[in-house]
Amino acid sequence: MLEKIREKTILISNDCVAPNLYLATFKAPIISQLAHPGQYMNIFPASHFTSPRAFSFFGINPSEETVQVYYQLRGEGTHYMAEQLKIGDDVWMEGPCGDGFHYGQNKKTLIVGAGVGLAPMKCLVEVLQRHHQDFEVLIGARSENFLKILELFPKNVNYKIVTDDGSCGPKQNVLEALENYLVTDEAKTVDSIIACGPNPVLEEIARLGEKHKITVQSAYTRPKGCPWKECHKCMKQRLKTI
């Protein structure tokens with residue numbers, strides 16, 4: 001794994017894209033060249049925060065030297081980012097962190113994003129599309145209001161969308177949709193699932209992967225202030241199929 005870089009980035013934009021959901025873009029000449037889908041960054045919102053906040057990469061654009069973060073208002077750090085940071089502010093960032101997703105060696109990949117678990121999937125879709133990989137995308141959300149971010153996703157992709165209230169696509173949760181999909185002819189060549197979402201959802205996806213003998217990679221999301229795992233209270237035991 002490459003050594004992490006601490007870089008002074010510049011906030012380019014910071015827009016509210018859905019209730020309590022924001023998309024921030026940073027000029028990051030170094031980190032944008034090193035980051036890969038599934039990795040994350042540590043952001044230091046301001047000098048008075050004793051620890052940084054961890055976010056997955058929503059967008060990685062090496063040619064424009066930018067990275068993007070899709071985040072939800074949860075605590076002091078994210079509220080500060082949404083309400084106090086101004087366009088043009090310097091923001092310290094550390095990364096890229098984590099192993100990232102492994103891809104490119106599979107017959108067909110199914111990408112599953114649940115809720116804020118959409119965050120790391122945009123850059124993964126872009127990479128798989130650019131390398132002409134066979135893949136499909138299954139997305140679950142509470143309602144259509146939480147899917148506006150999909151306007152920034154690549155076009156000409158087979159997105160299967162379900163919502164809890166039926167406002168976009170079938171009225172299902174993402175696990176029901178996944179279980180139904182895996183027994184179709186369309187899913188026969190799927191040999192890899194890459195998923196991100198709440199931990200209970202990921203545990204069920206791992207179980208389904210084991211049942212259907214499909215390799216599962218999961219990006220675990222959990223609101224927390226410290227990204228360093230020093231006390232180990234946030235660590236989860238890995239399931240066999242992850």
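**Questions on the chain**

Biologist: What share of the 242 residues in the chain is buried?
Modeller: This is a predicted model, in which local features need pLDDT of at least 70 and side-chain atom pairs count only at pLDDT 80 or more, while totals for chains, interfaces and linings use all residues. Residues are numbered from 1 along each chain as its sequence is written, and side-chain values use heavy atoms, with hydrogens and water left out. A residue is buried under 20% relative accessible area, exposed over 50% and partly exposed in between, with a 1.4 Å probe and protein chains only. By that rule the buried share of the 242 residues is 47%.

Biologist: Which strands are the edges of the open sheet of seven strands?
Modeller: Two strands pair if DSSP finds at least two bridges between them. The order in this sheet is β4-β3-β7-β1-β2-β6-β5, with antiparallel pairing. An edge strand pairs on one side only, which here holds for β4 (53-56) and β5 (59-61).

Biologist: Which residue of β6 is the bridge partner of phenylalanine 26?
Modeller: Strand β2 (residues 21-27) pairs with β6 (residues 66-72) in the antiparallel sense, over seven bridges. The partner of phenylalanine 26 in β6 is valine 67.

Biologist: At what angle does helix α2 run to β6?
Modeller: Helix α2 (residues 76-83) lies across β1 (5-18), β2, β3 (40-44), β4 and β6. Axes are lines fitted to C-alpha atoms, for helices over the stretch in contact, and angles run from 0 to 180 degrees between N-to-C directions. The angle between α2 and β6 is about 120°.

Biologist: Why does glycine 77 count as buried?
Modeller: Glycine 77 lies in helix α2. Contact means heavy atoms within 4.5 Å, and, leaving aside residues up to four places away in sequence, glycine 77 touches Pro45, Phe49 and Arg53. Glycine 77 counts as buried because its relative accessible area is 2%.

Biologist: Which residues does the UniProt annotation "binding site" cover?
Modeller: The annotation comes from an unreviewed entry; UniProt positions are given in the numbering used here, feature names are shortened, and annotations may be inferred rather than shown by experiment. Threonine 78 is in helix α2, and, not counting residues up to four places away in sequence, touches Phe55, Tyr71, Gln72 and Leu73. Threonine 78 is buried, at 8% relative accessibility. The annotation covers Gly77 and Thr78.

Notes:
Helices (H or I, at least four residues) and strands (E, at least two) are DSSP runs, numbered from the N terminus.
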